[in-house]
Amino acid sequence: MTPPPTPAIRTDTQPRLGLALSGGTARTVAHIGVLKAFEAAGLRIDCLSGTSGGALMACMYAAGVPVADMERLALRARWKDIAAVTIPRLGFLSSHRIQEMVEQTIGKIDFSELKRPLAVVATNLSNGHKRVFTTGRVSQAVRASCSIPQIFSPCDVDGDLYIDGGIVEYLPVMALDAFAPQVVIAVNLGAYREAIRQPRHVLQLVMQIVTVVSKQNIPASEARADYVLRPDLSRFGPFMLERAQEMIRVGEAEAERHLPQIQALLAREAAPIRWLYDGLSEQPS
């Protein structure tokens, strides 16, 4: 009988790090700035989760798209590239272009083909339950997660209709449970949102409703995270793609400001790993 493989011994002491990226429509480009700062500091992201626009950012990074390429894509993106007008039956726009954009960027790949584990959150419209996608076609899961109700038509996956994951988990910390990270950093882009008191048109009305609903599940998610970043994007509207560069800078500055605390947290969590690794290294061969 062939003996089972010997588990690999860690060659570094950074604890397994999970990154949860919230929704935020156009403001989700700020996640690119966070990733830029983390990479510059040498932090390794082992697994990711994303909701809505956060799922779009997370899937690219999980697939190995360089952050510089993600930034270039964000700077030239316009709404016509990710939304198509449709006959308003279940939504004013179709989200099929989101799926097409993902496939043009990372290919028609399944979750198992990603370079880093990824979880994508969407809301099952048939039963109201959260679904965490970790298998199947990545682009389809991202499209489902980004389908803001009434603005985008629901996305059909295996006969069930799915809408924006922010309805059930705007800040997808719990979605990372499947990967058992030792440290979870969450990026909440909605921390400084102000509800529109008197909506002037139907898009503002829909976004206000989604904001009110998603705010109900944010506290539980933040409580489960080890560290939360809250970039202040309050001066940017939810559809301001033309100000992507500014929002990326806000995300980068927020991450840089908190890097000392994050590195201290990782160092504390790394101590038991370092002790175990040193002990194994000292054993006679």
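## Helix packing

Axes are lines fitted to C-alpha atoms, for helices over the stretch in contact, with angles running from 0 to 180 degrees between N-to-C directions. In this predicted model, local features need pLDDT of at least 70 and side-chain atom pairs count only at pLDDT 80 or more, while totals for chains, interfaces and linings use all residues. Residues are numbered from 1 along each chain as its sequence is written, and side-chain values use heavy atoms, with hydrogens and water left out.

Helix H5 (residues 96-106) packs with helix H6 (residues 138-145) at an angle of about 145°, their axes being 8 Å apart; helices (H or I, at least four residues) and strands (E, at least two) are DSSP runs numbered from the N terminus. On the H5 side, the contact (heavy atoms within 4.5 Å) is made by His96, Ile98, Gln99, Val102, Glu103 and Ile106, and on the H6 side by Val138, Ser139, Gln140, Val142 and Arg143.

Leaving aside neighbours within four places in sequence, Val142 is in contact with Ala55, Leu56, Cys59, Ile98, Val102 and Val120.

## Aromatic pair

There is one aromatic pair in the structure, in which the ring centres of Phe133 and Tyr162 are 5.4 Å apart and the planes stand at 65°, so the pair is edge-to-face (centres within 6.5 Å, planes over 60 degrees apart). Phe133 belongs to strand E6 (residues 130-133) and Tyr162 to strand E9 (residues 160-164), so the pair ties together parts that are 29 residues apart in sequence. Both Phe133 and Tyr162 are buried.

Note on methods:
Phe/Tyr/Trp six-rings, centres within 6.5 Å; stacked < 30°, edge-to-face > 60°. Buried < 20%, exposed > 50% of the residue type's maximum accessible area, 1.4 Å probe, protein only.
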